2 protein chains.
Amino acid sequence: MNQPLKINLTKELLELENFIIHRSCDIEQWFRTQWLENQAPFYGSVDLRNSGFKLAPVDMNLFPGGFNNLNPDFSPLAIQASSVAIEKVCPEAKRVLIIPEKHTRNLFYLKNLYQLKEILKNSGLEVRIGSVDTSILESTNIDIDENQFITIEPISRREDFLFLKNKDGTEFIPCSIILNNDLSGGVPEIIKNLGQQIIPPINAGWPTRKKSSHFHFYSQVAKEFSILTNSDPWLIDPLSEKLDNLDFSAGEGEDRLEETIDSLLDQIQKKYSEYNISQDPYIVVKANAGTYGMGVMTVKSSSEAINLNRKMRKKMSVIKEGMSVSEVLVQEGIHTEETINAAVAEPVVYMIDHFVVGGFYRVHTSKGKDENLNSPGMHFEPVAFETSCLMPDQGRPCHDKANRFYAYGVIARLSMLAASKELAERK
Amino acid sequence: MNQPLKINLTKELLELENFIIHRSCDIEQWFRTQWLENQAPFYGSVDLRNSGFKLAPVDMNLFPGGFNNLNPDFSPLAIQASSVAIEKVCPEAKRVLIIPEKHTRNLFYLKNLYQLKEILKNSGLEVRIGSVDTSILESTNIDIDENQFITIEPISRREDFLFLKNKDGTEFIPCSIILNNDLSGGVPEIIKNLGQQIIPPINAGWPTRKKSSHFHFYSQVAKEFSILTNSDPWLIDPLSEKLDNLDFSAGEGEDRLEETIDSLLDQIQKKYSEYNISQDPYIVVKANAGTYGMGVMTVKSSSEAINLNRKMRKKMSVIKEGMSVSEVLVQEGIHTEETINAAVAEPVVYMIDHFVVGGFYRVHTSKGKDENLNSPGMHFEPVAFETSCLMPDQGRPCHDKANRFYAYGVIARLSMLAASKELAERK
C-alpha cells in the first residue's frame, strides 16, 4: 500500500491509540491471561471502522472468506498460526476436508479457498474440498488464475462420516472437517450428527449464532479492556440493541423498531455532544443472523426506517439463500473516515486461533462514508496491509502504519475474544 | 541471498529430500504427534552440514546467539512463535530479564541481544538485560548501530530472587529469566536456587549438558524418522562416540582416543563404500561440553590426533572461560559441499519453541570444506535465508530455495526434538 492512508483522530482516540502502542506489553499480557481462560475459534475476521473518534468492530465473521486478500509476504505467519490451531484442536489429524460456501462461481471466493487450502496444506495437512452443493455431481476443476486451479468434489456419507471418492475407487476419509461455510442457508442434512470433528463447530454458523450475542460479549470484553486502558469503552464499542419477532413484509414490529432507533440515536447524540462531535449520528439495522451485506439498512431517523419503500422492505426481509429476517440488530453506525486516495477504506483483520495473521482494506470509490461497504454486488478493491500487525514501534507516531495496524489487531482480537465467549456459552 | 547456492546431491539424498518435500503432510503430522509428547526447549539453533550425500546436524545450541543474522522480513514469525512459547512456559509473566553471555565487547553478539530483546518485547514482555559479569557495576548503554543502543545492567539479588535497580530507587523484579548464556564458565552463584523461573533451565547449560547425550537422542529420533521416510538413518545422522577421563596435556587416554578414531573412520569408510563416495572420511574431535569452536580438532587419521603439537594440545585442553576438556565427542566429519559464490556455506536454523523462525548461512571464503566454520577469531559472513522454512513447493525441484530451506527446517527440528528428550531426561 503505497497510497497514503488518511485519518484525523480526536484527542480521546489518539490517547487510546497511544496507550495501545506504548503499553503493548500490558496489553499482550492481558490477552495472554484471557486466552488462558478462553479458547479462540479456529479462525475469524473482523470488520473494523475508524471514524477518527471511535475505532470499533462492526462485524465478526467466523468463516472468513478473504484469505486471498492478505499480503502474501505474511503467509508464513498464517501457516505457523494454523499449525498452532491444529495442534490444539486436532493434533492427530492428517487428512482434512474443507466444506466451502456454495457460490462456486465467485472467483474471489474461490481464490480465498485456494489460499485457505494452501495454508492448511503447509501447516501439514492433506486437504481436499468437498461441497454440500448437491448440484456438484463430480470432481470439478475450476481455473482461478493462469496456472492455478481448484478442485471441488461431491461429498459422500456413510453412517456418521463423510468421505470423498477417489478415481481409483478408494476413499479419502478426512480426520476433521474445516467449515468455511457460514450455514446461512441452514445446516445441510449431510453434515448433521457426524462422527468427524467439525471446525469451527456447526453452532458457529448463522442458524445458531446471533450478532446481538456477539456484541453482548464484545461489550463485556470492551469494558474490561477499557479498565486496563483507563478510557471510555464507547470509544471501541458500538451501541446496539436486539429486536425480535419482526415481519418486515407485514410491517410487524415497526413501532418497536421506531422506538429502538429513536432511543439509540438519542444515546449516540449524547455521546457525540460529550465529545464535541458535529457529525450526524446514524443507525445500521442488520439481520441478527446472516451475512454478505444482505438485510442491512442505514438510517438517520426512525421515520426513515418506517418509510421503507417496497424494494428496501424486500431487501430487509431476506438474507443469503432466501432465509427471512425476523430478528434484527439495531446498531450505532460508525462513520468510515479512513481514506486511501480519497476513497473510503474499511479495515478487515484476519486471525487464525488468537493470532493476527494479516489484514486488508476494502477500498470503495463510489460509496459514502456512512454506507455499508459489504453490500451485494458491491465492488471493492482489496488493499493488503503492508506490514504485519505484530510490531508496534514506540519510537514512531501512532499513525505510522505498523502502529495503526497493531492497534487494529488489538481491537480485532477483542472481537475474537468475544467470539470465544459466545461459542463457549453455546457448548 | 541473490548468490546462487550450489550443491549436487547423491541419488539417496535426493530421494530423501524428495520425500521431505512431497510428503510434508506426513512429516508435519509426525512432528505434531512428537510435540504432543515432548516439550520443545524455549529456543535453539542447529548447525547443519550438507555434503551432497548426507544432510545432518553437527551442533545444537540451546542458547542461540545469532538472531541478528535472520531475515528481518520474518521477524513477525519469531514474535508469533515467541508468543506461543511464553504462553506455554510463563503465561502470567510480564517482566523478564535476559541474562546474556559475558563478552559484551562482541558487537555481533550485542546485535543478537538487541534482536532477542525486540522479539520478546513484541511478543508482549517488558524486557531488560542484566549481566552476571561482576565487572559491570552500573547500567551501561552500548551503541550497536547508528541509532540503536543496548543497555546492560548489573543484577542484584535478595533472598531467592533477582532484580534490577531503577534510577528512581524502585526495583525491576522480573517474573521470569531468559537465559542467553550457555554457562560454559560454570553456573554463577547469583543464579543458583532462584524462586524465579529460568528459561531454558540451568541444566540446559554446558556444566550439565553433554553433546554425546544430544547425539544419542538424535540417533534415536533419526531412526524413527527414517522409518517414516524409508531411508537409511545414516543420511541424516553423524556417527559419534563419547570418550571420558581424558587429559590432553598429560597424554592421558591417547590409546583409547586412537582406537575410537580408527574404529569410527572404519565405519565411515564402510558407509562411503556402500554409497560409492570417493571422498576421504574425517573425524571431528570436540569437547563434550562446550561451545564457541574451542576444543575442536579435525583429523583424517588417528595418528594425526596423537601427534598433536603443543599448540593444538593446549587448544584442545581448554574451552570457553578456561574450562578444561576431559571428555570428548569423536564424531564423523561431514564435508561442507554447499557453496555460495564458491565460498563454503554452513546453514544454521533458528527455532523458537518447535517453530522454525529463520536461518542463515555462515559463509567463509578462506576455509576448506572439512574445517570447522565456527572456530575462534573466524570471520564469517552471515547470509540470511531468503524465504521462510515453512513453505515447500511441490511444483518446484528440490534445490529450489523454498524446498531446500524446508528440508533444512525438518532436519533442524529433529535435532530440536532430540534436545527436548535430552532436557526431559535431566528433569
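Me: Where is the place of P200(B)?
Reply: P200(B) sits in the loop between β12 and α5 (211–229) of chain B. The elements are DSSP runs numbered from the N terminus: helices (H or I) have at least four residues, strands (E) at least two. This is a predicted model, where local features need pLDDT of at least 70, side-chain atom pairs count only at pLDDT 80 or more, and totals for chains, interfaces and linings use all residues. Residues are numbered from 1 along each chain as its sequence is written, and chains are lettered from A and ligands numbered from 1 in the order in which they are written.

Me: Is the peptide bond from I199(B) to P200(B) cis or trans?
Reply: Cis, with omega near -15°. In chain A, the bond from I199(A) to P200(A) is also cis, with omega near -15°. P200(A) lies in the loop between β12 and α5 (211–229) of chain A.

Me: What relates chain A to chain B?
Reply: A rotation of 180° with 0.0 Å of shift along its axis superposes them, with RMSD 0.0 Å. That is the relation of a two-fold axis.

Me: Which residue of chain A comes closest to the rotation axis?
Reply: L77(A), with its C-alpha at 2.8 Å.

Me: How do you know that the copies meet through the same surface?
Reply: Of the interface residues of chain A, 100% are also interface residues in chain B, so the surface is the same. Contact here means C-beta atoms, placed from the backbone, within 7 Å. Chain A gives 31 residues and chain B gives 31 residues. On the side of chain A, α2 (24–37), α3 and α4 (107–122) each give two or more residues. That side divides into 14 nonpolar, 9 polar and 8 charged residues. Ala, Val, Leu, Ile, Met, Phe, Trp, Tyr, Cys and Pro count as nonpolar, Asp, Glu, Lys and Arg as charged, and the others, Gly among them, as polar.

Me: At what angle do helix α3 of chain A and helix α3 of chain B pack?
Reply: These helices (residues 75–89 in each chain) pack at about 15°, with their axes 9 Å apart. That makes α3(A) roughly parallel to α3(B). The scale: under 35 degrees is roughly parallel, over 145 roughly antiparallel, 65 to 115 roughly perpendicular, and the rest oblique. Axes are lines fitted to C-alpha atoms, for helices over the stretch in contact, and angles run from 0 to 180 degrees between N-to-C directions.

Me: Which residues of α3(A) and α3(B) meet?
Reply: P76(A), L77(A), Q80(A), A81(A) and V84(A) meet P76(B), L77(B), Q80(B), A81(B) and V84(B).

Me: At what angle do helix α1 and helix α9 of chain A pack?
Reply: Helix α1 (residues 11–22) and helix α9 (residues 401–425) of chain A pack at about 90°, with axes 10 Å apart. That makes α1(A) roughly perpendicular to α9(A). E17(A), I20(A) and I21(A) of α1(A) make the contact with N403(A), Y406(A), A407(A) and V410(A) of α9(A). The classes are 5 nonpolar, 1 polar and 1 charged. In chain B, α1 and α9 also pack at about 90°, with axes 9 Å apart.

Me: Which strands stand at the edges of the sheet of chain A?
Reply: The order is β6-β7-β5-β4-β11-β12, 6 strands in an open sheet with mixed pairing. β6 (140–145) and β12 (197–199) are the edges: each has a single partner strand, so one side of each is left without a neighbour in the sheet. The twist averages 35° from one strand to the next.

Me: How many bridges join β11 to β12 in chain A?
Reply: There are 3 bridges between β11 (residues 176–180) and β12(A), which run parallel. Strands pair if DSSP finds at least two bridges, so these two pair. I178(A) stands opposite I199(A).

Notes
Two residues are in contact if their C-beta atoms, placed from the backbone, lie within 7 Å. Copies are superposed by least squares on the C-alpha atoms of residues with pLDDT of at least 70 in both.
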